[in-house]
Amino acid sequence: MSLALPLDARPADPALEGVIKLAILAVGGQGGGVLTNWIESLARSQGYHCQATSVAGVAQRTGATIYYMEMAPGDVDAPVFSLAPSAGDVDIIVAAEMMEAGRAIIRGFVTPDRTTLIASSHRMLAVSEKSVPGDGMASSEEVRAAAELAAQKLVLADMDTAALKVGSVISASLFGALAGSGALPFERAAFEDAIRAGGKGVEASLRAFSAGFDLAKYGEDPKAEAVKPAQQEIVRPAGPDMAQKAWASLEAKVAGLPEPVREMAHAGLRKVVDFQDTDYGAEYLGRLEDLVSRDSAEKDYELSREAAKYIANAMAYDDVIRVADLKTRPQRFNRIETEMKVKDGKLLHLTDYLHPRAEEIVGLLPEKMGRKMESDPAWMKRIDRWFNRGRRIRTDSLRGFAMLYFLGGLRGWRRRTLRHRMEQDHLESWLKMVSGYLPDRYAMAVEVLRCRRLIKGYSDTHARGLSKFDKVLAGARLVENRDDGPEWVARLREAALKDEKGADLDGALKTVESFA
Amino acid sequence: MAERSFKAEVEHLRKGTGDTFTGEGILAITKALLENGVGYVGGYQGAPISHLMDVLADAEDLLGELGIRFEANASEAAAAAMLAASVHYPIRGAVTFKGSVGVNVASDALANLASSGVNGGALVIVGEDYGEGSSIMQERSYAFAMKSQFWLLDPRPNLTSIVKSVGDGFALSEASNSPVMLMVRIRSCHVTGRFETRDNVPPPLSVRDALSSPMRDFKRVVLPPMSYAHEHDKIDNRWPAAEKFILDNRLNERFGPDEGKVGIVCLGGIYNSVIRALQRLGLADISGNTSIPLHVLNVTYPLVKSELLEFCAGKEAVLMIEEGQPEFIEQQLGAMLYKEGRTTKLEGKGIFPRAGEYTGQIMLDGLDAFVRQYAPELLPGKVLAPNTPKPELPDLSKTVPIRPPGFCTGCPERPIFASLKMVEQEVGQHQITGDIGCHLFACLPPFEIGGSTMGYGLGPASNAAFDGGGERRAISIIGDGGFWHNGLSSSIGNMVFNKSDSVAIIVDNYYSAATGGQDIPSSRAKNETKSTNNPITRALQGAGVKWIRQIDRTYDVTRMRETIREALTTEYDGPKVIVASSECMLNRQRREKPLRNKAIAGGERVEIPRFGVDQDVCTGDHACIRLSGCPSLSLKKLDDPLRDDPVAHIDQSCVGCGNCGEVADAAILCPSFFEAKVVHNPTGFEAWYAGLRTKIISWLQTRRAGARLTFTGEGA
């Protein structure tokens, strides 16, 4: 990266300036080969010498792959081209994914003195990003920032979506972006001819081509992103008048909360009311207000904001009733039909993959009865025998729908169930611990609230989450009197989110125990 | 049916004298074989020469017309053994496979071939390279050339030179009665360019005609005392003949000025990167005219002593540019200079790193250092002057995740390893060995299954030490490709004979998938010229395996898991073999998509499945991904202030294989997954009934909505 080409340093050959070096970094299966062929036939059609090569083989199976080509004007006599890109010596980089652009920068292929970087900002997550229990996504922003520094000219836009929108694939929109960037000394028409010469899916490719071309020339439409969050905003819910009134009064209460808390509180309220009903919403606000009253402006109501979020998540737990309710809603059917493009006479067969266990069934029973059965292995075995198996429910069929519809309709019954009682107890003891830290150990209270994030998933995953939650809280008690207690709780929580088995968490706990 | 079809390109192989060929290196090599009157060709696929096998397969008609026999050999050893035809008969033969692992497999036959010597030209085209993208281990076939004394060509990586080297190789082989190995590097195989074609030449004697007048000569048999004679023949006759041919035909090339105080010797294969570095240093022009004398070894073995000493004569220092280690050529050159009492300083390793690929930067730094030290006056001022300061770039090495290859979307091998991982979660970790093939990706996250791979078809064999059994049975993985390559004898035969108490899982995806979907004996496809549809289970029975379980749908995770559990727990203490069969999804999609689209266009009723995740039901714990790693199963950030973590999301690239749903069910993960089957061109009744159902369902939905608050957007 550090080396400037000694072009003006004779006796170097001025013709070398005419050589264009282009590398394509893609993820296997993105069609980097197609793009390479287009560019090559384009160059040849324009009377250029051109040489392309790639590293094929198993490396192409969804892994990072690289294609490289060089071209020079036809009047040059038998140019000698390199077969591989080298740092500081690449004129054009086409990166078919955000992190591949980052990889190009790491490898020194993108330098301010010469490189035009054409990259798609979309993400194809690597396994290491997807598999962490928490949020392991790499930061596109860091790559964007580096790209702005490293590239002489930067074309960065979501070329994938642009192509999909018009029923094509990213290779075509990237080819268009290459044309639009003006990095190659060829006319747009020549690019399009290359696509036609290719002969496969010409029309769709040309549409994607021009989409990419425009993105490179005029950039992304800023409005595009701006629109989205708007719909999340407060819109009157539909429903019976009684409920409407109750909702209005609840909203009034939210409006009465300190400004910093309102947005989260409104989202939370919405969630719990949607989960159960307005009375439940009132309970939620009750719990929240109790903490707000012990919070203060100079703390910017951090505690209350976190409470608004996590109490709502805790109250709207995932039980059979909620799942069945969500799966039978019209909004869900609409979303799936749009997602799967079910229109003009096509039909949708919708099969849900469910696997209830005795725990879920017993959870639906009245508290007393449930507890009895839960403590009786024989009963649990029996129930498992009756219910515990994978069930494929055709939710679009009357029978399947009716069954889920019935379960989803048990909301009125929910408050009597064992599961509800268990969730309530868990919630109360957690909040008790929180308020125990108030007022003088405010930061501890906030961190303990945040630990609720650890509880998620169903069955085993849920159980694992609970045990992590308990472990972290136990750890919290060890450090509750230290000034750096809160930081430690945060550290423990992050460790718990890092890996599934919780090895990182146990390690962190050992450290805590060592000094606490 | 191979992953990539060359049917269209193959037409260019018919070009004659006066035409120009434009295309890929492997096609150029094939054309060169035809122009040089080859009589039989064969080989075994593997990067980087898989496509050469595909081209030959697609060119079978043309080969037939010319009377050339094409054999898709069972292994590299089989391919090398085929060259036996050139021992007695004056027939040119060429086989291809990957180096150095393929050469390892072939070495038995190669040693015998080299000992016997050949009458007709025998050419081994080896795809050999290391460094970026190469799946090949960092070894050099050079050592085999030295030990067996066959000759090694490493032409400059442009089509004209590669094509010429094929003809040179045959001629050299015949002139010296020795087999010749033609090395092409991974990028040379796929490099595109042009060359002037010549007419194709049918073999003067075809293998078919040769059968009419068989030849034999016991002097060629590798048995004492003849084999002792072979060794002397190599040294006294074949080697000198080879050197003479190399000199007479100027197979090695000189560039730049005749005189100079310094010089460079490099292998043909890295000529272009040497020139590029010289260009960047201002020491060569765009056409490769250098201001430093350059000796290019298109023949890297044997080294012609007289030629090299003549080049070094009067030079203060010579730089030997040779990738990899040991630095065989540099050592030989050093010995030559020393024995001649020359004072020329030999540079090479030291200025260049001992190991690894010579990337553009390394080549540049190496040459820069050499010239600075021995001939700084040659360097233009700009280069001598300190470099322009590095631009300060943020370090992304912590940000950008590694992206190793993995299972494709819908891969039938994914559910096998998901099941295996689930079993391990229940009953604990097992001793597991892998093999060569796509299934080796299972050793990477998220599965992290299998800790070793000893070679193609050697998965179960590499568990032999554990055949006696123990508390937990050892498990080995082997693919259908490896099974037929040499697994049936080396692995299964070994298990049976030693009464192995371990478990072998044969991953049968209907093809040699990792190398590009070539057919193998158990492929389900109809193949005009090869015998397919030979069930693996029958081969197993024939080999004496008693405990066999055939699974015809690997996506049935529950069944898969139970079968594995059974194999690990059964009373039976002999070898237990599970054959897990489902078609490679890459090939399946390539086969079915066009047909499907045609059917839809033609108004036929077609169901297209795809999977989805209910974003409100998903809690974002990503347990499903830890049992899948499917490219289409990714994450999505919801714009919901209450959510901390992204939820699972399945994009439109999903092919509806069902693994995620099956896993969610079998592992009891969550109820978030659903299958959405879109029915194209439904029947009239079907449409009417669906309409009725929708009416009733939406009536129920409206009824419930009327009794509760409904917020815009879904859930909350």
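Predicted model: local features only at pLDDT ≥ 70, side-chain atom pairs only at ≥ 80, totals over all residues.
Trainee: Is α24 of chain B enclosed or open?

Mentor: Enclosed, largely, by the rest of the structure, because eight of the eight residues in 659-666 of chain B are buried. The cut-off for buried is under 20% relative accessible area.

Trainee: Which residues of α24(B) are these?

Mentor: The buried set includes Asn659(B), Glu662(B) and Asp665(B). Cys660(B), Gly661(B), Val663(B), Ala664(B) and Ala666(B) are on the list too.

Trainee: Zoom out. What does chain B look like overall, in helices and strands?

Mentor: Chain B carries 25 helices and 23 strands. Its C-alpha atoms fill a box of roughly 100 × 70 × 60 Å along the principal axes. Of its 716 residues, 60% count as buried.

Trainee: And the contacts in chain B: what share joins residues at least 24 apart?

Mentor: 78%, among contacts between residues at least 6 apart in sequence.

Trainee: Now single residues. Where is Gln45(B)?

Mentor: Gln45(B) sits in the loop between β2 (38-43) and α3 (50-58) of chain B. Its relative accessible area is 7%, so Gln45(B) is buried.

Trainee: What does the side chain of Gln45(B) make a polar contact with?

Mentor: The side chain of Ser512(B), at 3.4 Å. Leaving out residues up to four places away in sequence, Gln45(B) touches Ser50(B), Met53(B), Ser512(B), Thr515(B) and Gln518(B).

Trainee: Is His430(B) buried or exposed?

Mentor: Buried, at 12% relative accessibility. His430(B) belongs to the loop between α18 (414-427) and β15 (432-433) of chain B.

Trainee: What does His430(B) touch?

Mentor: Not counting residues up to four places away in sequence, His430(B) touches Glu424(B), Arg472(B), Arg473(B), Ile475(B) and Leu568(B).

Trainee: Strands next. Which residues lie on each side of β11(B)?

Mentor: Strand β11 of chain B spans residues 294-297. Leu294(B) and Val296(B) are on one side, His295(B) and Leu297(B) on the other. All four are buried, so both faces are covered. In general, side chains of a regular strand alternate between the two faces of the sheet.

Trainee: In which sense do β9 and β11 of chain B pair, parallel or antiparallel?

Mentor: Antiparallel, over three bridges, with β9 at residues 253-255. Glu253(B) has Val296(B) as its bridge partner in β11(B).

Trainee: And how many bridges join β10(B) to β11(B)?

Mentor: Four, and the two strands run parallel. Here Ile264(B) is bridged to Leu294(B) of β11(B).

Trainee: What is the strand order in the open sheet with β8(A) and β20(B)?

Mentor: Four strands, in the order β8(A)-β7(A)-β23(B)-β20(B), with antiparallel pairing. At the edges are β8 (391-394) of chain A and β20 (606-613) of chain B, each with a single partner strand, so one side of each has no neighbour in the sheet. Neighbouring strands are turned by 25 degrees against each other on average, direction ignored.

Trainee: How many bridges are there between β20(B) and β23(B)?

Mentor: Eight, in the antiparallel sense, with β23 at residues 673-680. Pro609(B) has Lys677(B) as its bridge partner in β23(B).

Trainee: Over to chain A. What is the strand order in its six-strand sheet?

Mentor: β2-β3-β1-β4-β5-β6, an open sheet with mixed pairing. β2 (48-54) and β6 (153-157) stand at the edges with a single partner strand each, so each has one side without a neighbour in the sheet. The twist from one strand to the next averages 10 degrees.

Trainee: How do β1 and β4 of chain A pair?

Mentor: In the parallel sense, over four bridges, between residues 20-27 and 92-95. Leu25(A) stands opposite Ala95(A).

Trainee: Which strands does α2 of chain A lie across?

Mentor: β1, β3, β4, β5 and β6 of chain A, running at about 135 degrees to β1(A).

Trainee: Last one. At what angle do α22 and α24 of chain A pack?

Mentor: About 10 degrees, with axes 8 Å apart. That makes α22(A) roughly parallel to α24(A). Contact residues include Met444(A) and Glu447(A) of α22(A), plus Val489(A) and Arg493(A) of α24(A). By class, the contact has five nonpolar, one polar and three charged residues.

Notes. Residues numbered from 1 in each chain as written. Chains lettered and ligands numbered in written order. Heavy atoms only, no water. Pairing = 2+ DSSP bridges. Axes fitted to C-alpha atoms, helices over the stretch in contact; angles between N-to-C directions. Contact = heavy atoms within 4.5 Å. Parallel < 35°, antiparallel > 145°, perpendicular 65-115°, else oblique. Nonpolar A, V, L, I, M, F, W, Y, C, P; charged D, E, K, R; others polar. Buried < 20%, exposed > 50% of the residue type's maximum accessible area, 1.4 Å probe, protein only. Polar contact = N/O pair within 3.5 Å; in protein donor to acceptor, adjacent residues only side chain to side chain.
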